[in-house]
Amino acid sequence: MSSNEIRTRIRAFLDERLASGAFAPKVDCWLRSVDHDFSRDLGAAGFLGMTWPTEHGGAGRPNTDRLALTEELLRVGAPVTAHWIAERQIGPAVLRAGTEQLKADILPDIIAGRAVIGLGMSEPEAGSDLASVKTRAVPAEGGWILNGHKIWTTQAHNATAMYILARTSVEDKKHQGLSEFIIDMDSPGIEVSPIVDLAGEHHFNEVRYTDVFIPADRLIGTEGEGWKQVIEQLSFERGGPERALSTWVLMPELLAEEQLRTDEGAQRDLGQMVATLAGLRHMYRRIAAALDAGQAPIRLAAASKYLGNTFEKDLIDVARRLVPCPSEPLAEMIQQALWASPAFGIRGGAEDVLLGIVAKLELPRDLSKADPEPKLADPDAQELIELAARVAGGSLLEVNRTPAGTDRMKAVVEELGWTRVSIPETAGGSGGTLTNAATIVRGLARLGVTAELPEHLLAAHEGNGLAGRARDALAALLDAAVLIGAAEGALALTTRHVIEREQFGAPLATIPAVKTWIARMRMQLDLAIEAFDRALEITGETPEAKAGDAEVAAAFAAKAIAAQAGGLVAAQSHQLHGGIGITAEYPLHHLTQLIWARRDTNTTEHQALVALGSMALAGGEPVIWDVLTDSAPRE
């Protein structure tokens, strides 16, 4: 069974229940919509634990399949809260590190939708800084004795069991000596007190543990290794589409409103939502594929949560702008979303914490270990990037930008056959794929040049019959390659600069604000790369093969997001370079001028967003979801 077949199955399951009135779509459904019967029905239909090994009741399916299921549930605001934490986070943790007894005790109830497991991490004095937890578990005969105080514990009042992060020894470093446990909520010594949120709803709780006995086999993994295990768990928690889709149920309501604005400004607003979601959905698929490959995509998981939180809050603002006087159903939904929104940037890692995670990866404490040079995961593509750099001159400072040097570069590009890459040899081209062509353009742009290759490639495809919207889509896609390449070059140059340049006796890279800006640029560029890669995947080997709404939308989304990322990188790179960056002899301007020029070449950023918004208005939410932003591989 494929991911597309799973989408079909879960849609039929959901349509049946929506038609019968079994549930109503709700904002922030994975936190605020408990329905034990719904969770058990999902379990009975085989939709829970589908990625788990068959010997533990799962179906052994990839995380990309589970992503398809999760997206569809969130899309309609289904009541998934009861099983959410257990199936998403705790089950995988137990599978990786739990004892066989713990697996036997816990996993069957999760798969059946019977288990409701609370997340006992945060404490009054340990929110985002989880390593500061003071809840303590001490050894006792046959297990452990737990004492402590947890807060903001979601669904503790409904929980059948609780995950607990506790300190089992006092070490020199706070990240050491932590352990993970699962405890039954009917154990003596547990007191749950409600915490009511802004909406007047009871989701959170304060939980006190007094001399609670934990059997020895309820320890997850190795004593004292809890922090390492928590970091792995957070990839599951942060890297899912729930971080972007908590408010998506606003979209169909918004588009159905009679008073919906349809002017150019409204189209741009909608287009921005479409373009961003297209990049985010591809990013979530990339994370799922990485998990399937046994990797821990820490940076992408942090970036997806940070950018996803922004997206779901922006959607609220768009709804308010596009329907200033909404009908009662939409007004109520917007109010629910506003009440829920303060938590978006906190749960699963506050925004500053996420920025810190990415900043540490880009600028580690030992700056000698930083690696600013961008590298592609595909070795063949990386080799092509490096070849393009050698043709351009080898490095930013070595490029010969004189008229004679530029002419020589163009001649080499022509001799290599690059101006006809992605045109079939039978049509007089050099063969290869559109991805090859875009990779070469990207590699040249990293050194602030294009050798007019995008124009030559576009002309070659026009000679092969490309015209109309398909031609505009290819132009946008090649512009995105230039923007991404130049932004990658500028970010690498800026990262090296802040490492090497000292102010007040220390590298600029040690200043918190500098780290934050490097992280923001990196994450926005990650989103642009995802939108770009998605467009290449959807278009295929040659743009003549496909020229439908999906291909055009993907290319326009790539152009718009790459333009925005490039603009951010250009502006902030100059800021971080200070006075050096605004002098002509320093090479940064070769990159930033290329970015500024390409933002409004061919289809401009604004035109791309307006076109996407127009397509969204014409097709409605189903077209946005299945055509304009869908990242699933086509079969």
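A word on the model: it is predicted, so local features need pLDDT of at least 70 and side-chain atom pairs count only at pLDDT 80 or more, while totals for chains, interfaces and linings use all residues. Residues are numbered from 1 along each chain as its sequence is written, and side-chain values use heavy atoms, with hydrogens and water left out.

How many salt bridges does the structure hold? There are 48, each being a side-chain nitrogen of Lys or Arg within 4 Å of a carboxyl oxygen of Asp or Glu.

Let's begin with Lys559 and Asp479, whose closest N and O atoms are 3.0 Å apart. Lys559 sits in helix α19 (residues 549–577) and Asp479 in helix α17 (residues 468–500), so their bridge ties together parts 80 residues apart in sequence. Helices here are DSSP runs of H or I with at least four residues, strands are E runs of at least two, and both are numbered from the N terminus.

Are these two partners buried or exposed? Lys559 is buried, at 0% relative accessible area, and Asp479 is buried at 0% too. Buried means under 20% relative accessible area, exposed over 50%, and partly exposed in between, using a 1.4 Å probe and protein chains only.

Next, Glu452 and Lys410 meet in a salt bridge of 2.9 Å, N to O. This pair links distant parts of the chain, 42 residues apart: Glu452 is in the loop between α15 (434–445) and α16 (453–463), and Lys410 is in helix α14 (residues 403–415). Glu452 is partly exposed at 38%, and Lys410 is partly exposed at 25%.
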